[in-house]
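Biologist: I'd like to learn how to read side-chain contacts. Can you walk me through some?

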Amino acid sequence: MKNSAACTDSTMFVRSLSAIAAGFLIASCVTKPVPPPEAPADPAKPKPLYEWNGKGRTVSHMRINIDEQKVSVFSGDDQIGWATVATGITSFPTPTGDFKVIEKTANKKSNLYGKAYNSAGKIVNSDAKMGRDSIPEGGRFEGATMPYYMRLTGDGVGMHAGPIPRPGHRASHGCIRMPRPFAPLVFASVPIGTPVSITGSGPSYSSYIKKQQAAASRAYAARKKKAESAAATTATGDAAAKVDVPESASSTAPTKTESSEAKPADAPAAAPTPGAEPPIEIKPATPVGPSGQ
């Protein structure tokens, strides 16, 4: 009887092990459900140009990276916003260095770049530059709008709302353009004196200033030469107009016979006297940055 009971117990133990093994085998054969693949990004949907989480907080400093075309906004150690920007193109680069916000103007207009209109009010130049492009007679120049302008340099470089036609690429005349919805948020949170650091591929501010001064000197020399040439042309014309011409015989004078000799003029014609225009004084223009003021 004892052997029979022991045998029964062994059989049950073996069956239990078999059942457990079978359970593990079945469990290992069950495949786990595969999560559905993520939907591909819609290439037609534009990527966000900014993010803002700074409601009610004061901006302590900003960092602009020219190579990334991005501005990062901080309040203390916390980043409270970022935005894609458009800095100056290669021929009108944005200078690098450490700056501060020295002026805030909500409705700023450039006095350097804008549009030229003719006398009929039609745009004849959508990218006119004062001092470089002529304005039609009777026309006018209208400076480009620079909403929510925050000046960084005395010669006009600053941050403001503006178009960003190709995100990630430079597009301005030297200023830092921000997305239009983003600019007023930052403007309202930035106090005068806020530090702004600009890094990346661009000239240092000292070399930038030297280049602007050299450009201003060349422009001054060109304007002076043009004015002197115009003055010389005017003087030549005035001199020609002042030359005395002998008067011809009056139509009321007695008819001369064939033997009559022509009466000489009472006096020889006066020698030409060149007209002298007063010298034109041209003062050197104060260097203006590529973005205007």
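**Reading side-chain contacts**

Modeller: Let's start with a charge and a ring: the charged end of R63 sits over the ring of F74, 4.6 Å from its centre. "Over a ring" means NZ of Lys or CZ of Arg is within 6 Å of the ring centre and within 35 degrees of the ring normal. R140 does this too, with its charged end over the ring of Y117, 4.0 Å from the centre. A word on the source: this is a predicted model, where local features need pLDDT of at least 70 and side-chain atom pairs count only at pLDDT 80 or more, while totals for chains, interfaces and linings use all residues. Residues are numbered from 1 along each chain as its sequence is written, and side-chain values use heavy atoms, leaving out hydrogens and water.

Biologist: How many salt bridges does the structure hold?

Modeller: Side chains of opposite charge can pair when their charged atoms come close. The cut-off is a side-chain nitrogen of Lys or Arg within 4 Å of a carboxyl oxygen of Asp or Glu. The structure holds four. One of them joins E103 and R151, at 2.6 Å from N to O. E103 lies in strand 6 (residues 103-117) and R151 in strand 8 (residues 140-151), so this pair ties together parts 48 residues apart in sequence. Strands here are DSSP runs of E, at least two residues, and helices are runs of H or I, at least four, both numbered from the N terminus.

Biologist: Is R151 buried or exposed?

Modeller: Buried means under 20% relative accessible area, exposed over 50%, and partly exposed in between (1.4 Å probe, protein chains only). R151 is buried at 8%, whereas E103 is partly exposed at 23%. In another salt bridge, R140 meets E142 at 2.8 Å, N to O; R140 is partly exposed at 41%, and E142 is partly exposed at 29%.

Biologist: And how many aromatic pairs turn up in the whole structure?

Modeller: A pair of aromatic rings is described by the distance of the centres and the angle of the planes. Rings of Phe, Tyr and Trp (its six-membered ring) pair if their centres lie within 6.5 Å; planes under 30 degrees apart are stacked, over 60 edge-to-face, and the rest tilted. The search finds six pairs. Take W52 and F182: their centres are 6.0 Å apart and their planes at 85°, so the pair is edge-to-face. Both residues, W52 and F182, are buried. Ring pairs also link Y50, W52 and F182 into a cluster.
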